[in-house]
Amino acid sequence: MKDDTTARDRLALARRTLLEPANLGERELEQLFGRLMQGSVDYADLYFQYSRHEAWSLEEGIVKSGSHNIECGVGVRAVAAEKQGLAYSDEIALPALIEATGAARAIARQGGKATTAAAWRQAETRSLYAPLDPVVSLTDDAKVRLLERIEREARAADPRVKQVMASLAAVHEQVLVARADGLLAADVRPLVRINVTVIAEANGRRETGTAGGGGRYDYSYFVDAYGQARETALGYAREAVRQALVNLEADEAPAGSMTVVLGPGWPGILLHEAIGHGLEGDFNRKGTSAFAGRVGERVAARGVTVVDDGTLNDRRGSLNVDDEGTTSQRTVLIEDGVLKGYMQDLMNARLMKVAPTGNGRRESYAHLPMPRMTNTYMLAGSHDPGEIIASVDRGLYAVNFGGGQVDITNGKFVFSASEAYLIENGKITRPVKGATLIGNGPDVLTRVAMIGNDLKLDSGVGTCGKEGQSVPVGVGQPTLRIDGLTVGGTRG
Amino acid sequence: MSSTAVATSTDVKSSRAQLEKLVRLALDESKTAGATQAEASANLSQGISLTVRLGEVETVEHTRDKGLGVTVYVGRRSGSASTTDFSDKAVRETVRAACTIARFTAEDECAGLADPDRLASQFPDLDLFHAWQPGMDMLIERARAAEAAALSLDKRIGNSEGGSISSHEGIEVYGNSHGFLGRQAGTRHSLSVSVIAQDNSGMQRDYWYSSDRRADRLESPESVGRTAAGRALRRLSARKLGTRQCPVLFEAPVAASLLSHLVSAVRGGSLYRRASFLLDSLGQSVFAPWVRIHEQPYLPGATGSASFDAEGVATKARDLVRDGILQGYVLDSYSGRKLGMPTTGNAGGVHNLTLEANAGNLADLCRQMGQGLLVTELIGFGINGVTGDYSRGAAGFWVEGGEIQYPVEEITIAGNLPDMFRGFVAAGSDVDTRGNLRAGSILIDRMTVAGE
């Protein structure tokens, strides 16, 4: 913990926003927990949330639309061993909370004495980002001008650019977790993001390029004190154009099993899909993951170390405290090729008799928390990226990706390249169209033949979906050579 | 276990008056705030989702959501805002937020409400609302029975992600400053099972679900459980395939995804941005000549039925594709104006888009294919909407002599959607009617399969 004062400030701020307008104090919380902690209920929590979201979008040279949404509510959860009950209300008020506690605890056997509440104490939380409200950090006029500036940058980059779509989004979120064991935790989570998509056209062919980024900042990440767009923001425009132009030249992608070199940064989506989800505690407690029961076993080549790290400053996937009041942490998942542990929320940690890892996350008050990733990445190795390319006779060099997906039970995962090149005789020769790559999670990392010295994290655009819940995440990796990944092109 | 009633005291349908009042208030406030046009939509929904795993209740989630969304037009500028707070104060603040945004967005000559003469005036009962209040005990019993049927089918079904049941009801009121006010209420009940089969070759998970607006039309728990278990078992000992070109048969539950790629390509937003692989294809041969794909908005009790779209425009039954030729686009008022065409009543999407069958069931289609790949699962998002390039992860079965030979996995299938559409050989009569896109199994003449 770097800054206890700030943690206290955040709690005070969250109380003012979430509890005080409804006249909810410690006495009322105790009353609610008194109702919840009856019979076989052995844990309960309340999750208060206020979030404000705005989005602006530009196309055809003008900002056509903007939106502003407010979401506010409280989730009430009761846990009895492996059972969980959730009820919620989008009105933060005592009567609604009392009704919700009744519904949430209906999972448990009734009767018995109520457990008395412990004394209230404040959670230890980190200070990884400032408690900012990005929505008010820039005038609406300046937001519009920023998008227009990005559009001009993209158009100026190349005359073949025919369409530019750019969007700007910000979230200001305040959460407060109150637990039956007396813990109170709060966080104020800013999040901003820019996305740019361009369509370039030449000789009757059209191709797209997409780039973007952001993090737990306010808009000053994109705009300087004089109201000018920063290089960070303009760089997204040029990057989207560059990708579209590369794709205009792309041939059919190859099909079949081959050596694949993945570029640094966002291709780390490989780790997220291939092993990340399979190492979430819930699937392993239930034995439904291909990684279940394999802690201590070799699941990757020597030299492969993968961590999930919620403690990086200002990153999209970072959390001062998770959605169950657990301080975020850096968890080593794989160390030098050996599986070390899983990512846990409170319930799964308790049932598996291990410590929680600060990975309990929920999309909102209306969803149950579960083990989720934060920022997942592989540590750097020793090889120069150029040396890695030079080592490949024939293969694919994939540097940008769209989404991915995994079947955690049989371990099969996919991720789709949006910018890729052929490697022939140790040289990058020509671009090929995007293609889906498919592999087997439990063995793909055993095929890692070389690890680059160029670890990079993604630019801050990742969103992970699990059981219908979306949360912001980060990924990263150095350049990697993987021998024997199936590339889903059309040229057999 | 207590027998708490599932639906809480509020009957969703009785909330109609409250939502209408809210929409009227939002429209009045918009006018007061200086908007020249406005539209508002308010919704309320509630329900329960419950999962039983290995015979024990695992999660019970009570859902209750509401929301109000407002779009204002100040001249040709627009702004939108939404809130979950239904107080008068919150409604005023939401309208104000939308108006503030509209001060900064650009003049857009195509912006605005739907033209008044397009708005729906007939509101037939489409049989969409069938509340079900079975009580928690019955829900648990059904979910447990469905999972038990799966677990008891075969000793290789050793683990489970559970049997789940859910019941939801909702109502939405949409109004605009042309004086239109429409209501749609509906219910949705579902029963599903996801289980894991295991043998020396490893673990395979699969699932099955039944979903309907009427609880009494759901498949029986035994049937859902047995189907889920059968689907997981048949995947055991899956192999990879060598890279090849061959015919591909999409089983009905995954075949509907091909219709979704068509809809994305002929949606107005993709067309005016010229971000589609089917630009300027109206009146062109897009599919094999036998293909008919039509919209059925007035199908009683169906998932996608509605008499008006998201901007109040009357929906129409129509052919989107006839004799393989594209007959129309999927437009709302805005994209229609951009393209110089009238709206097709598709703000918010299509309504029960259906591919007409020209063949028998899945077994018939396997025989027709002779040798090729039957795809039963697709993963990943490898579709490029601008070029039509298609590359997705797949699992399924290798078929020879018209019969399933063995399960396959860790392969991809790739092609280009315009080629795939023209390569439609047959559509089965095994139409999956659970969703808004309705297709039977689809046989495509040739795609690239990548594996070993």
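Predicted model: local features only at pLDDT ≥ 70, side-chain atom pairs only at ≥ 80, totals over all residues.
Student: Which strand of chain B does strand 3 of chain A join, and how do they run?
Tutor: Strand 3 (residues 83-89) of chain A joins strand 2 (residues 56-74) of chain B through 3 bridges, and they run parallel. Strands here are DSSP runs (E, at least two residues), numbered from the N terminus. Two strands pair if DSSP finds at least two bridges between them.

Student: What stands opposite Gln84(A)?
Tutor: Thr59(B), in strand 2 of chain B.

Student: OK, how many residues are in contact?
Tutor: 68 residues of chain A are in contact with 75 of chain B. Contact means heavy atoms within 4.5 Å.

Student: And how much area do the chains bury?
Tutor: About 5,600 Å² between them, with 51% of it on carbon and sulfur atoms. That is accessible area (1.4 Å probe) lost on being put together, summed over both parts.

Student: Which residues of chain A lose the most?
Tutor: Tyr88(A), Asp90(A) and Arg206(A), together 11% of what that side buries.

Student: New topic. How many salt bridges cross the interface?
Tutor: The rule finds 10 between chain A and chain B. It asks for a side-chain nitrogen of Lys or Arg within 4 Å of a carboxyl oxygen of Asp or Glu. Arg235(B) and Asp407(A) form one of them, at 3.8 Å, N to O.

Notes: Residues numbered from 1 in each chain as written. Chains lettered and ligands numbered in written order. Heavy atoms only, no water. Buried area = accessible area lost by both parts, 1.4 Å probe. Helix = DSSP H or I, 4+ residues; strand = E, 2+ residues; numbered from the N terminus.
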